[in-house]
Amino acid sequence: MATPPDHPAQVTAQLRAELADRLAERVDADVRWTVREGWGDVAPRRDGGADALLDDLARRRIDDHWDIAVCLTDLPLHADRMPLVAQTSAQRRAALVSLPALGLRQFPAVRAVVPDLVDRILTDASDQRVPPVDREPAEPAGRITAVHRVDGGGDAGELRYVASRLTGPVRLLTGMVRANRPGRALLGLSKLLVGAFGTAAFALTTNTIWKIGDALGPLRLTVIMLLGLTALVAWLIIAHDLWEKPDAHTPPELTRLFNWGTTITLALATAVSYLVLFAGTALAAALLIDASVLEQTLQRPTHATDYLTLAWIISSLATVGGAIGSGLEDEEAVRAAAYGYHPEPDGWQDETDR
C-alpha cells in the first residue's frame, strides 16, 4: 500500500495489522497475503484527477515488485464533476482511494472497501496466482452509502466509484476537515491561548468592561463574539499565508476545496479555543470578583449569569490578544492547518530508505 505521510499513513498503520486476514477472508484463503506500506519519492499531484496518480502508483508497483498496489490519499479527487471515492485499474494492477470522499468514518470505510478493491482488480485482471472464484466480486459501492460505480472511461478493467452529486460534496468537505485534524490545529495554537488568557486577566480587573458587558444584550454579545472569531481566523490565514491560489498544478475548483478545508479547520480550532477561554475566564471571575464588588459596580443585585456575561464579553475581546499571540506561533505548526500544505518532496521517502 502506498500512502503519503500524516493522516493517510496513520490510517494505513491501523489497517495493516488486519488487512492480510481480511484479504484471506474476503478474497482467497488459499493465498498467502503479505501487506507492505510506504510512500513515493514525490508529493501527490494536485490536479484533482486520478489517472496521473494511478500512473505513478503503477510505476511504484513495478519498481518494488508488488503484485497489487493500493494508494490512500488525502487529496480530494473528482470524476465528471462528482467526488471520486475510489478507482481501480486492472491493467495497472492498482487502486486509489480518496479518504476525504469517505466522510467522517474513514477508517471503518477503508477497512471495508480495500479488500473489495483488491478482489475486483484480481478478477478483472484474470490473475493466475489467485484463481478466480465462481462469484461476482463484492462491490465497494455496496458498503458506502450514496456511492455508485461507473466505467473508468479509459482502458478495459477500469472502474470508478463516485459519490452522489447531492450529498457527495458535503461528505467530501467534512472528510477533508476530518483528515486535516482540527485537534492538531488546536494544539498548534498554544501561544494564541496564552495571549488570550493574558488579555482576559487584564480585562477582569477593569470595571468598565463589567459595565459594558452588563449593558450589552445577548444579540450584541453574539455579534461581537462572531466578529472576534472571524477576525481571528482571517488573521491566521493572512499572517501565515494559508490561502491557496490557483496555479499550473492546482485548478480553481481544488483550490476552493483546500481553502474551505483550511477555513473550517481553523474555525473549529478557534471555536474550541474560545470555549476553553470562556470557561477559564468564568472560573477566574467567580474566584476573584466578590459578588458585593460586582453589585456595587453594576448597582443592582447580581446572579451567576452576570459572571457568565462578564466572561462572554471578556473572551470576545481577548480574541484580539489571541491574534497577537498567534503571530508568535511556530510557522510549521500553523501551516499544518492549511489543507494544501505538505512537506517538501524529500520528506516523502519510505522509512526503510532513510
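## Overall make-up and confidence

The chain of this predicted model contains 12 helices and six strands, and buried residues account for 50% of its 354 residues. Among contacts between residues at least 6 apart in sequence, 75% join residues that are at least 24 apart.

The average pLDDT of the chain is 79, with 80% of the residues scoring at least 70. Among the elements of the chain, strand S4 (residues 94-98) has the highest mean pLDDT, 90, while helix H12 (residues 331-335) has the lowest, 62. Over residues 343-354 the pLDDT is below 50, and in the model this stretch has 23 contacts beyond near neighbours in sequence. Where pLDDT is low, the predicted coordinates should not be read in detail.

## Nonpolar cores

The largest nonpolar core has 51 residues, and those with the most contacts inside it are Leu102, Val110 and Val118. Helix H3 (residues 106-125) gives the most to this core, with nine residues. Leaving aside residues up to four places away in sequence, Val110 touches Val11, Leu15, Leu72, Leu99, Leu102 and Pro115.

Another core, of 19 residues, lies apart from it, and includes Ala196, Ala200, Leu277 and Ile289.

## Cavities

Rolling a probe the size of a water molecule over the atoms shows where empty space is left.

Helix H6 (190-204), helix H8 (218-239), helix H9 (252-288) and H11 each supply at least two residues of the lining of the second largest cavity, and H9 provides the largest share, four residues. By class, the lining of the second largest cavity has eight nonpolar and three polar residues but no charged residues.

## Two residues with positive phi

Most residues other than glycine have a negative phi, and most peptide bonds are trans. Arg93, although it is not a glycine, has a positive phi of about 55°, and this residue is found in the loop between strand S3 (82-89) and S4. Arg93 has a relative accessible area of 13%, and therefore counts as buried, the cut-off being under 20%.

Gln299 also is not a glycine and has a positive phi, of about 60°, and its place is in the loop between H10 and H11. Because its relative accessibility is 70%, Gln299 counts as exposed, for which the cut-off is over 50%.

How values were computed
Residues are numbered from 1 along each chain as its sequence is written. This is a predicted model: local features need pLDDT of at least 70, side-chain atom pairs count only at pLDDT 80 or more; totals for chains, interfaces and linings use all residues. Side-chain values use heavy atoms; hydrogens and water are left out. Ala, Val, Leu, Ile, Met, Phe, Trp, Tyr, Cys and Pro count as nonpolar, Asp, Glu, Lys and Arg as charged, and the others, Gly among them, as polar. A nonpolar core is a set of buried Ala, Val, Leu, Ile, Met, Phe, Trp, Tyr and Cys residues joined through side-chain atoms within 4.5 Å. Buried means under 20% relative accessible area, exposed over 50%, partly exposed in between (1.4 Å probe, protein chains only). Contact means heavy atoms within 4.5 Å. pLDDT is the predictor's confidence in each residue, from 0 to 100.
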